[in-house]
Amino acid sequence: MQRVRLTFLDRLIKEPVVYQLGKKFDIVTNIRRADIQEGIGWVILELEGDDAEIDRGLEWARTVGVRVDPALGDLVEP
Amino acid sequence: MTHVTSLRCKECSREYPVGAFNVCEFCFGPLEVRYDLDAIKAAVSRESIAAGPNSLWRYAEFLPADHNPDVDINAGFTPLIRSKGLADKLGLEELWIKNDSVNPSYSFKDRVVAVASAKALELGFDTLACASTGNLACAVAAHAARGNMKAYVFIPSDLEAGKVLGAAIYGPTMIAIDGTYDDVNRLCSELADTYPWAFVNINIRPFYADGSKTLGFEVAEQLGWRAPAHVVAPSASGAMFTKIYQGFNEFAYTGLIGKVETKMHCVQARGCSPIATAYEEGRLIIRPVRANTIAKSLGIGNPADGYYALKVIEASGGSAVIAEEHEVAEGIKLLAEADGIFTEGAGGVAVAGLRRLVARGTIKPDEPTVLYITGNGLKTTEVVADVVHPIHIEATVAAFQDAIGARA
């Protein structure tokens, strides 16, 4: 299981990225929180599935322009 | 004794019993510590606090852990200095510098780790852990050493070894992880779920964060029991910034100071400014960035408390400012030359932000202002290495006098 925050900009807000993540890959997506505004939006997702499959799915999301981050912010602190 | 009542989700307000977890099971929102502020109000007075230890534990009634001398390295109660040189240069009548660079491991991180480590012992942990490239690693390793606890410090493998010397000296187990920054983040999240350790900024984070409230408490007490008109503070995750404001407000609620009218100003460097950029664009959504700033101790591109920092700015009538990268070293040098305080990059960013706030008229000359300096310059000497240019002379008095252009 992974918890991630996807950040979308501009055109991607209108794209069904979360749907495609579950359709293209063997991943169960569960939206826990989200906020979409003009020009920017984010979704906090719970992802269930094989670790390697989740990695592939998130890599695909990055390639289409979605920013993928840890759900609760960076854990590596200066 | 503590006056903690529960942990509560900052997003959906669900309550949880006190324990080592930081995430709401329902909405994945961050948890924060809730207190019985009325019980605190009944328990404290200016006199009782003033009679307490010269450390952050003088505010123990407001903290989520009891004071434990076994793990205490005397963090906090650092000097609040009335600026002369910088105040004169900027035309400010009442500028104060909170010099938190003189904590035991030389940064404000000792405050958060002091509370986290005391709470970790209370909760039965024997191991402290963190993922850090700098100040946090030092604070964790130092407290673990004092508390006879095991310590694990995770660092990216491409980090220069010298960067973590300040942590390594305390003898933690240091793990260098091959992979990207994201890989390190993810591994630490998995380890925090797997090992029975107190990962200070993960499963202990609600308690850890509240250590920074003491930066608000101390300033209010040291100013003679009042909050300033302006706070100027550097920000990375946004947690410290929000907790300073919470500290002022808890003091006001409990009657120790009057109404808080402090405007909170957050400063970030151009190379990592997700909070300040959102502020400038007039939105409350943080767009994460890849950190690329000379102010390494502010290098958090995906700030956990960025949204809450923006809310504090909004609630207080404050602002956010971006310091250009070239201003970082300038700010460090200015503070050193003007007031005799040698700070790291984050301090240079704060000084640069203060200059901008004064220049744009946000801070008026007669308004009491506190500048937070959160880390020590000796940790990042490479940023200002160009200041070293001695005058070379022969070993004679005449050569000396020729060099400085003055004869006795």
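First, conventions. Residues are numbered from 1 along each chain as its sequence is written, and chains are lettered from A and ligands numbered from 1 in the order in which they are written. Since the model is predicted, local features need pLDDT of at least 70 and side-chain atom pairs count only at pLDDT 80 or more, while totals for chains, interfaces and linings use all residues.

Chain B, then. It has 15 helices and 13 strands; these are DSSP runs numbered from the N terminus, helices being H or I of at least four residues and strands E of at least two. The radius of gyration of chain B, 21 Å, is close to the 22 Å that the globule rule gives for 408 residues, so the chain is as compact as a globular protein of that length. That radius is taken over C-alpha atoms, and the rule is 2.2 Å times the number of residues to the power 0.38. The C-alpha trace of chain B spans about 75 × 50 × 45 Å along its principal axes.

Now the domains of chain B. The assignment, automatic or from a database, gives domain 1 (80-106 + 209-381) and domain 2 (124-203). Their centres, taken over C-alpha atoms, are separated by 26 Å. Six residues of domain 1 and seven of domain 2 make up the contact, where two residues touch if their C-beta atoms, placed from the backbone, lie within 7 Å.

Next, a sheet in chain B. Three strands form an open sheet in the order β2-β1-β3, with antiparallel pairing; strands pair if DSSP finds at least two bridges between them. β2 (15-16) and β3 (31-35) of chain B are at the edges, each with a single partner strand, so one side of each has no neighbour in the sheet. Strand β1 (residues 4-9) of chain B is joined to β3(B) by five bridges, and C9(B) has L31(B) as its bridge partner.

Finally, the two chains. What does each chain give to the contact? Chain A gives 20 residues and chain B gives 35 residues. On the chain A side, the elements that supply two or more residues are β1 (2-9), β2 (28-37), β3 (40-48), β4 (67-70) and β5 (76-77). β2(A) has the largest share, four residues.
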